[in-house]
Amino acid sequence: MQALISRRSDPSIQGEVLGVNQSASAMARILGPMVGVTLFFATDWHALPYLLGACLLAVVWLISLRLQQETG
């Protein structure tokens with residue numbers, strides 16, 4: 001994803017865009033486990049955090065496929 005973001009961003013603000021991407025990545029690393037643990041213990045269905053993670057991964061994968069088609 002980092003490579004796709006760097007190739008699609010305007011060269012004059014590429015550092016800024018990559019910095020925002022790193023910030024969002026760090027926030028996901030903080031909030032992801034908190035949400036996962038909350039979903040695991042708040043419901044009787046312990047597969048819910050894994051299903052949510054798989055769904056989010058599928059969405060990002062589809063977006064990356066579409067971006068690759070647009071650029072290449």
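## Ser6 and helix H1

The side chain of Ser6 comes within 2.9 Å of the backbone oxygen of Ala3. This is a predicted model, and Ser6 sits in helix H1, which covers residues 2-8. Apart from neighbours within four places in sequence, Ser6 is in contact with Gln14 and Leu18.

Ser6 also takes part in a second polar pair through its backbone: the side chain of Ser9 reaches the backbone oxygen of Ser6 at 3.3 Å.

## Ser9 in the loop

Ser9 lies in the loop between H1 and H2. The relative accessible area of Ser9 is 13%, and because buried means under 20%, Ser9 is classed as buried. When residues up to four places away in sequence are not counted, Ser9 touches Gln14 and Val17. Gln14 is also listed among the contacts of Ser6.

Leu18 belongs to helix H2. With neighbours within four places in sequence left aside, the residues in contact with Leu18 are Gln2, Ile5 and Ser6. Helix H1 spans residues 2-8.

## Nonpolar surface patch

Met27, Ile30, Leu31, Met34, Val35, Leu52 and Leu56 make a nonpolar surface patch of about 640 Å². Two elements give two or more residues to this patch, namely helix H2 (14-42) and helix H3 (48-71). The most is given by H2, with five residues.

One of the patch members is Met27, which is placed in helix H2. The relative accessibility of Met27 is 46%, so Met27 counts as partly exposed; that class lies between the cut-offs of 20% and 50%.

## Aromatic pair

How many aromatic pairs does the count come to? The count is one aromatic pair. The residues concerned are Phe40 and Phe41, with ring centres 5.0 Å apart and ring planes at 85 degrees. Planes over 60 degrees apart count as edge-to-face, so the pair formed by Phe40 and Phe41 is edge-to-face.

Phe40, at 26% relative accessibility, counts as partly exposed, whereas Phe41, at 63%, counts as exposed.

Notes. Residues numbered from 1 in each chain as written. Predicted model: local features only at pLDDT ≥ 70, side-chain atom pairs only at ≥ 80, totals over all residues. Heavy atoms only, no water. Helix = DSSP H or I, 4+ residues; strand = E, 2+ residues; numbered from the N terminus. Polar contact = N/O pair within 3.5 Å; in protein donor to acceptor, adjacent residues only side chain to side chain. Contact = heavy atoms within 4.5 Å. Patch = residues over 30% accessible without salt bridge, like charges linked within 9 Å, V, L, I, M, F, W, Y side chains within 5 Å. Areas by Shrake-Rupley, 256 points an atom, 1.4 Å probe, with all protein chains shown as cover. Salt bridge = Lys/Arg side-chain N within 4 Å of Asp/Glu carboxyl O. Buried < 20%, exposed > 50% of the residue type's maximum accessible area, 1.4 Å probe, protein only. Phe/Tyr/Trp six-rings, centres within 6.5 Å; stacked < 30°, edge-to-face > 60°.
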